[in-house]
Amino acid sequence: MTSATTDSHHNSFHTSPSVSGRVYDLGSSEAGIPSSAIVHSIKRENTSHNFARSPKSTERAVILPWSGEYRVWWAFLVVLASFTAFFETYNIAFSPSGLAPYNDASSIIDYVLTAIFSLDILAHLNLAFYDENDEVVYNRKAIAGRYFNKMFWVDLLGVFPFYEVILALTGQLGKDSRASQYLSLFRLFRLLRLHRVNHLFGMLQYNTSISLITLTLIRNFGAALVWAHVAACIFYFIARQYAFDVDNTWLGEKALELNELESYVTTLYWSIVTFTTVGVSSSLNIHLFMDSQ
């Protein structure tokens with residue numbers, strides 16, 4: 001293939017999600033696997049052009065994975081999946097357990113997130129895909145069969161209200177008790193939504209418009225940020241189980257004098273200094289910090 005032809009395909013990203021003469025199927029959730037399963041042939045790009053121009057395409061009434069609307073929707077879900085990683089872990093550690101009360105801003109956000117990711121399940125049941133012959137499949141039965149065989153169950157687990165159901169079955173609904181605090185760990189199932197983020201980095205790895213060094217720095221910084229947050233939530237969750245006893249926890253009884261935001265900032269500080277210093281100095285730093293409050 002000549003360089004002119006390659007450039008032509010490379011510049012056609014506005015009509016289909018392609019880079020370097022290759023087309024990415026945003027409807028596929030097969031991330032983190034070899035490039036042969038992520039990077040598709042140029043034939044798919046030509047197929048997407050012909051399919052879009054076909055007079056029958058409007059009659060098929062399916063979602064096209066290369067359409068601008070779906071690409072915006074998918075990018076939106078990646079952002080929400082990233083937000084879920086922070087939101088759910090924060091609620092497990094810092095918010096009252098037992099869903100009591102369940103009418104605050106955090107609860108509304110939870111409802112909205114669940115509704116949006118549930119809509120994405122419906123979208124996938126109507127999302128065209130490429131078969132092994134690089135042909136567009138728009139038959140709804142085939143689309144549903146492919147989705148049920150792969151990512152449907154992961155997406156379903158990511159929206160199913162395990163926490164609410166188990167609280168109701170155990171009689172802990174509306175109670176902020178130690179038992180309901182442990183049961184809140186069932187909210188971690190919602191982190192299954194993060195497979196979209198993994199898929200994103202799998203695609204960007206083969207995007208020639210961004211250098212591999214830049215992508216690696218962004219990915220590593222994001223991972224460090226997430227793990228510092230997760231560690232902070234774990235530290236606080238453990239201290240909470242011991243009622244912030246001064247002899248058994250790092251935080252001590254002064255934690256009871258802090259509001260939710262102050263508790264999170266303090267715990268995040270502890271998490272960062274623990275990862276970046278030696279244990280003794282970090283312990284000294286956090287006690288000095290708490291004494292200054």
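Trainee: What should I know about the model before we start?
Mentor: This is a predicted model, where local features need pLDDT of at least 70 and side-chain atom pairs count only at pLDDT 80 or more, while totals for chains, interfaces and linings use all residues. Residues are numbered from 1 along each chain as its sequence is written, and side-chain values use heavy atoms, with hydrogens and water left out.

Trainee: How many helices and strands does the chain have?
Mentor: The secondary structure comes to 13 helices and five strands. Both are DSSP runs, numbered from the N terminus: helices are H or I with at least four residues, strands are E with at least two.

Trainee: Why is Arg-240 called buried?
Mentor: Buried means under 20% relative accessible area, exposed means over 50%, and partly exposed is in between (1.4 Å probe, protein chains only). Arg-240 has a relative accessible area of 13%, so Arg-240 counts as buried. Arg-240 sits in helix H11, and of the 293 residues of the chain, 43% count as buried.

Trainee: What does Arg-240 touch?
Mentor: Leaving out residues up to four places away in sequence, Arg-240 touches Ile-92, Ala-93, Phe-94, Ser-95, Pro-96, Ser-97, Asp-176 and Gln-181. Contact here means heavy atoms within 4.5 Å.

Trainee: Is His-199 buried or exposed, and how do you know?
Mentor: His-199 is at 4% relative accessibility, so His-199 counts as buried. His-199 lies in helix H10.

Trainee: Why is Asn-248 called exposed?
Mentor: Asn-248 has a relative accessible area of 52%, so Asn-248 is exposed. You'll find Asn-248 in the loop between helix H11 (212-241) and H12.

Trainee: How do you know that the buried residues of H7 are on the same side?
Mentor: In helix H7 (residues 152-159), Phe-152, Asp-155, Gly-158 and Val-159 are buried. They cover an arc of only 125° around the axis, which puts them on the same side of H7. The arc is that of the directions from the helix axis to the C-beta atoms. These buried residues pack against helix H5 (105-124), helix H6 (140-149) and helix H10 (195-204).

Trainee: How does the reach of H12 compare with the expected span?
Mentor: The expected span of a helix is 1.5 Å times one less than its number of residues. Helix H12 (residues 260-276) has 17 residues and reaches 24 Å from its first C-alpha to its last, close to the 24 Å expected.

Trainee: What makes something a pocket, and what is the volume of the largest pocket?
Mentor: On a 1 Å grid over the protein atoms alone, a pocket is an open set of points where a 1.4 Å probe fits, with protein on both sides within 12 Å along at least five of seven lines; lining residues have an atom within 4 Å of a point. Grid points are joined across faces, edges and corners, and a volume is the space filled by probe spheres set on the points. The largest pocket has a volume of about 790 Å³. Of its 33 lining residues, the closest to the centre are Ala-85, Leu-194, Gly-222, Ala-223 and Val-226. The largest share of the lining, 12 residues, comes from H11.
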